[in-house]
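I opened the model to look up its surface, its backbone and its ring contacts. My entries follow.

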Amino acid sequence: MTTAPEDLRTFATFDGHGGKVPKRVEVLDHRPPVSPDGRYDGLVAVRGEHPLGALDERAADDSAELARGVASIGWVDPATLRDWYRPDRVVVSLLEARRSGLEPGVYADSRGRGRVRIDGQEAHLGADGRPAFRALAGSAESPKVDVPLPMDQVVRLVVVTTAGAGAGAGAGAGVGRHGATAGAGVDAESLPRTATGATGVEVVTTPVAPVLTPGEYPEYADDVPGLPPRPASGRVRVTASVLLGGTLHRVDRLDERANTLWIERGGRVVPIAASDVGGDLVRYTATPV
């Protein structure tokens, strides 16, 4: 397994078997072994469902047999990987954070409005029927509801925290859902450090899939733009379908960490890269719970 933190793992699509069998795989941070013939030079390790068609493929679990449907690892040419999904993490000094106005919280980088502070979760279906982030305006002490931000306008999700690794930082559309920040009693040793060892502010930036995973969500129909956020007025159950090749395919689930969408196709549930699906190709149905 990778030694990368759970929230900063890397995924990609591997076109194995001459491009005939695309698979979503995790790209590991292992270094290739040195060999006299240089057969590993430039290769990267991946982990995914067998068969991968990778060099020196073996079962990921030493106690398991290499068989179809079992996770395996092997070495591949990075040129055969596409749809990379790789969160970014930087730590800036406290002084630089103050100069830049970086405050702990969860933000969305949108195409039209730049960086917008959000409440950390998809709040409801917008007026146009698409899932929307509950955007906030004003200070963190006295937030006010801004207009909803549809998911297909969000290109990156940004989590700013002064807490240690793993606090409030996730991946995919799930990054920073809870927006945890440092509070009283935080161990100084757990605080993020810059390259020089100084205490800093951690910024994790992650691509956002323009698809809302099926499930139950709070509804904030009583929110009024310009006023403080109001409690949820209820809950809705959201189902989704993707339009591919003129046919609607029901969305079974969204693996946010792997940026992978699982859809029903041909009587099977198969994975596709969420980045291959535009927000305009998704149809949602919401029913009150």
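This is a predicted model: local features need pLDDT of at least 70, side-chain atom pairs count only at pLDDT 80 or more; totals for chains, interfaces and linings use all residues.

Numbering starts from 1 along each chain as its sequence is written, and side-chain values use heavy atoms, without hydrogens or water.

Fold. I looked up two helices and 20 strands in the protein chain. These are DSSP runs (helices H or I, at least four residues; strands E, at least two), numbered from the N terminus. Of 289 residues, 43% are buried (under 20% relative accessible area; exposed is over 50%, partly exposed in between).

Backbone. Asp56 has a positive phi of about 55 degrees, though it is not a glycine. Asp56 belongs to strand β4 (residues 55-59). Asp56 is partly exposed, at 38% relative accessible area.

Rings. I got one aromatic pair (ring centres within 6.5 Å; stacked under 30 degrees, edge-to-face over 60, the rest tilted). Tyr40 and Trp75 are edge-to-face, 6.1 Å centre to centre, with 70 degrees between the planes. Tyr40 lies in the loop between β2 and β3 and Trp75 in strand β5, so the pair ties together parts 35 residues apart in sequence. Both are buried.

Charges over rings (NZ of Lys or CZ of Arg within 6 Å of the centre and within 35 degrees of the normal). Arg134 sits over Tyr220, 3.6 Å from the ring centre. Arg253 lies over Trp262, at 4.2 Å.

Definitions and conventions
Buried means under 20% relative accessible area, exposed over 50%, partly exposed in between (1.4 Å probe, protein chains only). Rings of Phe, Tyr and Trp (its six-membered ring) pair if their centres lie within 6.5 Å; planes under 30 degrees apart count as stacked, over 60 as edge-to-face and the rest as tilted.
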